[in-house]
Amino acid sequence: MTRANSANFRPALRRAGCYALLGASLIGLSACGGRDRPTTELSAAQLNTIGVNAYLWRAALDTVSFAPLLQADSAGGVIVTDWYANPANPGERVKLTVTILDQDLRADALRVAASRQVNEGGNWVEAPVQAATVQKLEDIILTKARDLRRQAIQS
């Protein structure tokens, strides 16, 4: 073999070696993949495709469904409604922000913030929100989330 032929032969030899190594790796990895699914110790609420607790998320969406949604980010766990005026009281409107902070179904994994405005002479003016209102919304969401979890466990 001449020196010129030897130089042309080396890249082909390296390429063949890489293919052989890749093939051996694939054969070795194929032995690792069984048909059995891995078992997990996570609760059902944590096995979801969203970034937060699925029960809290569904309960929060259901609870604020009376108002139009501006944002619903399941990965970040944030739900923001647009301003909502109750037809029985059109001189007042509210806006809600629900934040789900964790993947666990716990009371401290949920935060509700509310803004309230009243109409004074054609202008919307900020007004205080009673703390009991926010607490009541959090309680409603938590109760619905627990009910959803109970239903999922029973079925």
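Helices (H or I, at least four residues) and strands (E, at least two) are DSSP runs, numbered from the N terminus. The model is predicted, with local features requiring pLDDT of at least 70 and side-chain atom pairs pLDDT 80 or more, while totals for chains, interfaces and linings use all residues. Residues are numbered from 1 along each chain as its sequence is written, and side-chain values use heavy atoms, with hydrogens and water left out.

Figure 1. A pocket is an open set of points on a 1 Å grid over the protein atoms alone, where a 1.4 Å probe fits, with protein on both sides within 12 Å along at least five of seven lines; lining residues have an atom within 4 Å of a point. Of its 14 lining residues, Tyr-84, Glu-92, Arg-93, Val-94 and Thr-133 are the closest to the centre. With four residues, β3 gives the most to this lining.

**Figure 2. The covering of helix α2.** Seven of the 10 residues of α2 (residues 54-63) are buried, that is, under 20% relative accessible area with a 1.4 Å probe, protein chains only. Among them are Tyr-55, Leu-56 and Trp-57. The elements that cover the buried residues include β1 (69-73), β2 (78-81), β3 (92-100) and α3 (131-154).

**Figure 3. Glu-138 in helix α3.** Glu-138 belongs to α3. Glu-138 touches Leu-110, Arg-111 and Val-112 (heavy atoms within 4.5 Å), not counting residues up to four places away in sequence.

Notes. Buried means under 20% relative accessible area, exposed over 50%, partly exposed in between (1.4 Å probe, protein chains only).
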